[in-house]
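I am starting a page on a structure that is new to me. The entries below follow the order in which I looked things up.

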Amino acid sequence: MSTNVSFSTCCPFQLAEGCTTTGGRWVSIRNADGTISVVDPATGAAVPPANVLAFCQQGESLSHVTTVGPNSVFVIPNTNDLESWSVRARTAGVSIDVSGGGANPMDVNEVIESEAQDDDALSDVVTITTDATGSARVLWLERL
Amino acid sequence: MLTNGNLNVSCDEAITNGCLVGGDHWVLVERDNGTFDLLIAETGLPADPADIIECPDGQEATTVATLALVNPWSSQYGLVSLGTLSYWEVRAEALPVTLNVNGVSFAMDLNETVASKAQDNRILDDSINVSISGAGRASIVSRRRANT
């Protein structure tokens, strides 16, 4: 006579994993009885299918915009990781200095911009200077 | 009488996994008896090998809208992150157009385009509001990561 051990004695095992809409993660588990559960690996709580994302976001970023008026000096903040920046001269009398490279006069409606690749951040120090008639629009994106 | 007890409780094992058309995942399971099954990780049902695809980072969907005067006084168009916004762009086609970016408002210039794009695998936590009045008109393009 032989005694067979059934699969019901087997431990559950993980099939796949991903991210949720609430910023957490999900794992799908094959249970000992053969059923599949999708759970939060941190709590074990069931994850509703609607919360399962096909992608994992790596963070959030926030856009900022400002208008630089006449006779002003504006430095784009770079205290957090700077992803990108864009400067447009609305009028004449606008110059831009990037990381100490010197003041470059901008043409009207000229746009100068920069964007980091992938997960990189920009170490740029961008200074916009306007004269008595100058005006510029500045947009920058920082990581949260 | 001899009783044979199989104490070697070897279980099914997930060998490798990947992605399927439609957003589900496949997993290759080695059974206790040495056979292999290709299953859908989310349901446990058999997966069709023809549905196997290279895993994308995600999908994105683009929305294009033109904001023109809807009522006699003014119209607004709002964008909020919803945890999926990856790109937005506003162009002032006819003045006046007022753009509010995360609480900062300004009057746009004619044909001015203001845009923001998150890096790969990131999203924008932005709240954008476009307002027009009179002859104002704006075109708005946004892109969101899709939950599939």
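Before looking for pockets I wrote down the term: on a 1 Å grid over the protein atoms alone, a pocket is an open set of points where a 1.4 Å probe fits, with protein on both sides within 12 Å along at least five of seven lines, and lining residues have an atom within 4 Å of a point. I also noted that this is a predicted model, in which local features need pLDDT of at least 70, side-chain atom pairs count only at pLDDT 80 or more, and totals for chains, interfaces and linings use all residues. Residues are numbered from 1 along each chain as its sequence is written, and chains are lettered from A in the order in which they are written.

**Entry 1, the pocket.** I looked up which residues lie nearest the centre of the largest pocket. They are Ser86(A), Glu113(A), Leu139(A), Ala115(B) and Ser116(B), out of 22 lining residues. Strands S8 (82-89), S11 (111-115) and S13 (136-143) of chain A and strand S11 (113-117) of chain B each give two or more residues to this lining; strands here are DSSP runs of E, at least two residues long, numbered from the N terminus. S11(B) gives the most, with 5 residues. The volume of the largest pocket is about 470 Å³, taken as the space filled by probe spheres set on the grid points, which are joined across faces, edges and corners.

I counted elements and found 0 helices and 13 strands in chain A. Its radius of gyration, taken over C-alpha atoms, is 27 Å, well over the 15 Å that the globule rule (2.2 Å times the number of residues to the power 0.38) gives for 144 residues, so chain A is more spread out than a compact globule. Along the principal axes, the C-alpha atoms of chain A fill a box of roughly 100 × 25 × 20 Å. I find 40% of its 144 residues counted as buried, that is, under 20% relative accessible area with a 1.4 Å probe and protein chains only.

I placed Cys19(B) in strand S2 (residues 13-20). Cys19(B) counts as buried because its relative accessibility is 10%. Its C-alpha atom is 9.2 Å from that of Ile40(B), 21 residues apart along the chain. Leu38(B) is in strand S4 (residues 36-40). Beyond four places in sequence, Leu38(B) has contacts (heavy atoms within 4.5 Å) that include Trp26(B), Leu45(B) and Ile52(B).

Definitions and conventions:
Side-chain values use heavy atoms; hydrogens and water are left out. Helices (H or I, at least four residues) and strands (E, at least two) are DSSP runs, numbered from the N terminus. Buried means under 20% relative accessible area, exposed over 50%, partly exposed in between (1.4 Å probe, protein chains only).
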